[in-house]
Amino acid sequence: MTTPLIRTETLSKTYHIGGGDVRALVDLSIEIAKGEMVAIMGPSGSGKSTCMNLLGCLDTPSAGNYWLAGEDVSQLDSDALAHIRNEKVGFVFQQFNLLARATALDNVELPLTYGRVPRRLRHQKAEKALAAVGLADRMDHRPSQLSGGQMQRVAIARAIVNNPHVLMADEPTGALDSRTGAEIMALFQRLNAEGITVIVVTHDEHVAAHARRILRFRDGRLVADEAVAAPVRAAEAVAAAAGAVEAPGAASAPLGGPLVPEAV
Ligand SMILES: Nc1ncnc2c1ncn2[C@@H]1O[C@H](COP(=O)(O)OP(=O)(O)O)[C@@H](O)[C@H]1O
Ligand SMILES: [Mg+2]
């Protein structure tokens, strides 16, 4: 048996606020294999973001264990966690979190400046990542000169520029209209088909239906772990909305290929 990419054992997070405790995540024991596409669902306050922050090494647990790619990361200090994060995890957030004064290219290069990647190589990698998300012609634009969907694609390019093991997205379509959201889900599905493990946090049932597995949380506890028999194929929905004819294989277009097939 191969090592799961993610394995947790009774992973828990309790926040101490004022006089009381908030048990934001309670005894989570799961495994996620390399190559999975998983949705984390639940109502507001159910612990989704807490879970993602722990799995993404943005935060440390109060109790329990977490192995990422076989390495026990539950006891690491913040420097060691930052190193693991930079190497293994790419993040995408609802509000894009781009630097407003930096170009798309500079935003995507940012994670590489923490590593010791030479400048030329940084440029090359960032250009490749932007091309992969369909933004080869927007490299010198600043966030204010881009649409919401384009900004999120810059954020995704930034998240994949380091070839992470896992891409974690917290409500990535929450600030987008449904059509643009479908384009972003199509992009995640394409990256997943290329081999990147994808974990998407959402409170939206329709967004979760793009995953092959849904983890449901309530009051900090995992209450369901479901396989999705037939995930929604976002590329097809996008093509249909564009009025395009059936485009076989659109969902598995190679990285850097057209995100939306040409309408005919
Ligand atoms: N930094 C924090 N300090 C104190 N309580 C927090 C903190 N972050 C989250 N919580 C609490 O933990 C619970 C789970 O929050 P969260 O993981 O953000 O839920 P979700 O993402 O599902 O909306 C909530 O009750 C929330 O108020
Ligand atoms: Mg949240």
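**Figure 1. Residues around ligand 1 in the predicted model.** A residue is counted as near a molecule if its C-beta atom, placed from the backbone, lies within 6 Å of that molecule. The structure shown here is a predicted model. The residues around ligand 1 are Tyr15, Ile17, Val22, Ala24, Gly42, Ser44, Gly45, Ser46, Gly47, Lys48, Ser49 and Thr50. Two or more residues of this shell come from each of strand E1 (6–17), strand E2 (20–28) and helix H1 (48–55). With three residues, H1 gives the most to the shell. Sorted by class, the shell around ligand 1 holds four nonpolar, seven polar and one charged residues.

**Figure 2. Helix H5 and the elements that cover it.** Helix H5 (residues 148–160) has 13 residues. From its first C-alpha to its last, H5 reaches 19 Å, close to the 18 Å expected at 1.5 Å a residue. Because twelve of the 13 residues of H5 are buried, this helix is largely enclosed by the rest of the structure. The buried residues of H5 include Gly149, Met151, Arg153, Val154, Ile156, Arg158 and Ile160. Among the elements that cover the buried residues of H5 are strand E7 (89–93), helix H3 (104–114), helix H4 (119–132), strand E8 (166–170) and helix H6 (178–193).

**Figure 3. The buried residues of helix H3.** In H3, the buried residues are Ala104, Leu105, Asn107, Val108, Glu109, Pro111 and Leu112. The cover over these residues of H3 includes helix H2 (78–88), H4 and H5.

**Figure 4. The open sheet of six strands.** Six strands form an open sheet in the order E7-E8-E9-E4-E10-E11, and their pairing is mixed. E7 and strand E11 (221–227) stand at the edges with a single partner strand each, so one side of each is left without a neighbour in the sheet. From one strand to the next, the twist averages 15°. Strands of a sheet pair through backbone hydrogen bonds, in either a parallel or an antiparallel manner.

**Figure 5. The pairing of strands E10 and E11.** Strand E10 (residues 213–218) and E11 run antiparallel and are joined by six bridges. Isoleucine 214 stands opposite glutamate 226, which belongs to E11.

**Figure 6. Helix H6 on the sheet.** H6 lies across strand E4 (37–41), E8 and strand E9 (197–201). Relative to E9, H6 runs at about 150°. H6 is also among the elements that cover the buried residues of H5.

Notes
Residues numbered from 1 in each chain as written. Chains lettered and ligands numbered in written order. Predicted model: local features only at pLDDT ≥ 70, side-chain atom pairs only at ≥ 80, totals over all residues. Helix = DSSP H or I, 4+ residues; strand = E, 2+ residues; numbered from the N terminus. Nonpolar A, V, L, I, M, F, W, Y, C, P; charged D, E, K, R; others polar. Expected span 1.5 Å × (residues − 1). Buried ≥ 20, exposed ≤ 12 C-beta atoms within 10 Å, placed from the backbone. Contact = placed C-beta atoms within 7 Å. Pairing = 2+ DSSP bridges. Axes fitted to C-alpha atoms, helices over the stretch in contact; angles between N-to-C directions.
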